[in-house]
Amino acid sequence: MSDETNVAIACQGGGSHTAFTAGALGELLPAIDRRGDRLVGLSGTSGGAFAAVAGWYGSLADDTTAPSVLEDLWTELAASGPLDRTSNDALVWTTYLENMGVPFPEISPYQYPFAAWGQDQLRETLTEVVDFDALPALATADTPELVVGAVDIEAGTFETFTGGDVTPTAVLASAAVPHLFPAVEIDGDSHWDGLFSQNPPIRDLFHVPYERKPEELWVVRINPQTRSGNPTSMREIVDRRNELAGNLSLNQELHHVERINEFVRDGYLPDDEFRETAVHQLGLPDEFSYASKLDRSPEFVEEMIELGRERAEAFLDDR
């Protein structure tokens, strides 16, 4: 019997905090090969979708690697040039002050011309680092599942895009934060950020033949599950509210995995069709505010990437 372990990785969304995910995946994905294990799935939502797609593509393409694609992605996403850095700083501080209760005029992304321009820049960045035309050929029955989550606004339903159906438009839909970007249209339907659906998709990673079902699920969590103390300032309240909202769907997805595990152990599900999955989580520390999720300054991005690398190394040591 092979000692190979089936591993799936799910990447939670969280704006610029997901540079942490890029750093972590840059360590985790090569380690799976070194351990002689098998990556069977990679999913993500919003910024986590960016990381998942880059890591998946880099792991399978012949002419690159996951760490190099992930690094290239965040080099391009980081604010560069005086105008970009000034705009980035203004957005972060405006958000910070809003969370403190300072009133600002509300502007819809449909009224703000730079919102659509920002989406165009994201699309350009994605297509520069990932050859999306190559995805259908890479997504075979023998390669890991790739799953990206979004939400259909009008139908109010979760939607996932998998394998070769993952396009730059699908990734942009997964990252269409409503107060920052216009909705993204796919097949005539409008989509918003996957943070409102499955953050990240997990159940889809199990919709595979038995031999490819995950034995271990590694979750790269951006929003902390616990915090000490009761938030009392406006900043603390807003930060914790956003963390809890971002964790709702993740916890529901993990609960589904736990129930399947229970049914397998209790004999309610056949163990030749279902298997128990050990869940392990790798998390970002709880010291960062919601406003910093919008910070694309090169210094902050590098801090997140390095922290992701460090946490991933410690995680692998524990494994």
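Trainee: With which residue does R203 form a salt bridge, and how do you know that it is one?

Mentor: Before I answer, please keep in mind that this is a predicted model, in which local features need pLDDT of at least 70 and side-chain atom pairs count only at pLDDT 80 or more, while totals for chains, interfaces and linings use all residues. Residues are numbered from 1 along each chain as its sequence is written, and side-chain values use heavy atoms, with hydrogens and water left out. The partner of R203 is E253, and their closest N and O atoms are 3.0 Å apart. A salt bridge is defined as a side-chain nitrogen of Lys or Arg within 4 Å of a carboxyl oxygen of Asp or Glu, so the pair of R203 and E253 at 3.0 Å qualifies. The pair links distant parts of the chain, 50 residues apart, with R203 in the loop between β6 (189-192) and β7 (216-221) and E253 in helix α8 (residues 234-265). Helices (H or I, at least four residues) and strands (E, at least two) are DSSP runs, numbered from the N terminus.

Trainee: Why is E253 called buried, and what is R203 called?

Mentor: Buried means under 20% relative accessible area, exposed means over 50%, and partly exposed lies in between, using a 1.4 Å probe and protein chains only. E253 has a relative accessible area of 4%, and therefore counts as buried, whereas R203, with 34%, is partly exposed.

Trainee: How many salt bridges does the structure hold, and what makes D37 and R35 one of these pairs?

Mentor: The structure holds nine salt bridges. The side chains of D37 and R35 meet at 2.8 Å, N to O, and D37 is buried at 10% relative accessibility, while R35 is partly exposed at 33%. Another pair is R309 with E306, whose closest N and O atoms are 3.2 Å apart. R309 and E306 are separated by about one helical turn, because they are three residues apart in helix α9 (residues 298-318).

Trainee: What makes a group of residues a nonpolar core, and which residues touch the most other members of the largest one?

Mentor: A nonpolar core is a set of buried Ala, Val, Leu, Ile, Met, Phe, Trp, Tyr and Cys residues joined through side-chain atoms within 4.5 Å. The largest core has 65 residues, of which I9, L25, L28 and V166 touch the most other members. Helix α1 (residues 19-34) supplies the largest share of this core, nine residues. A second, separate core of twelve residues includes A10, F206, V219 and L250.

Trainee: How do you know that α1 and α3 are roughly antiparallel?

Mentor: Axes are lines fitted to C-alpha atoms, for helices over the stretch in contact, and angles run from 0 to 180 degrees between N-to-C directions. Angles under 35 degrees count as roughly parallel, over 145 as roughly antiparallel, 65 to 115 as roughly perpendicular, and the rest as oblique. The axes of α1 and α3 cross at roughly 170° and come within 8 Å, and the two helices are therefore roughly antiparallel to each other. In this packing, A19, A22, L25, G26, L29 and P30 of α1 meet A66, P67, L70 and W74 of α3, where contact means heavy atoms within 4.5 Å.

Trainee: What makes S46 and D187 worth a remark about phi?

Mentor: Most residues other than glycine have a negative phi, and most peptide bonds are trans. Phi of S46 is near 55°, a positive value in a residue other than glycine, and D187 also has a positive phi, near 55°.

Trainee: Which peptide bond is called cis, and what is its omega?

Mentor: The peptide bond from N199 to P200 is cis, with omega near 5°, and P200 lies in the loop between β6 and β7.
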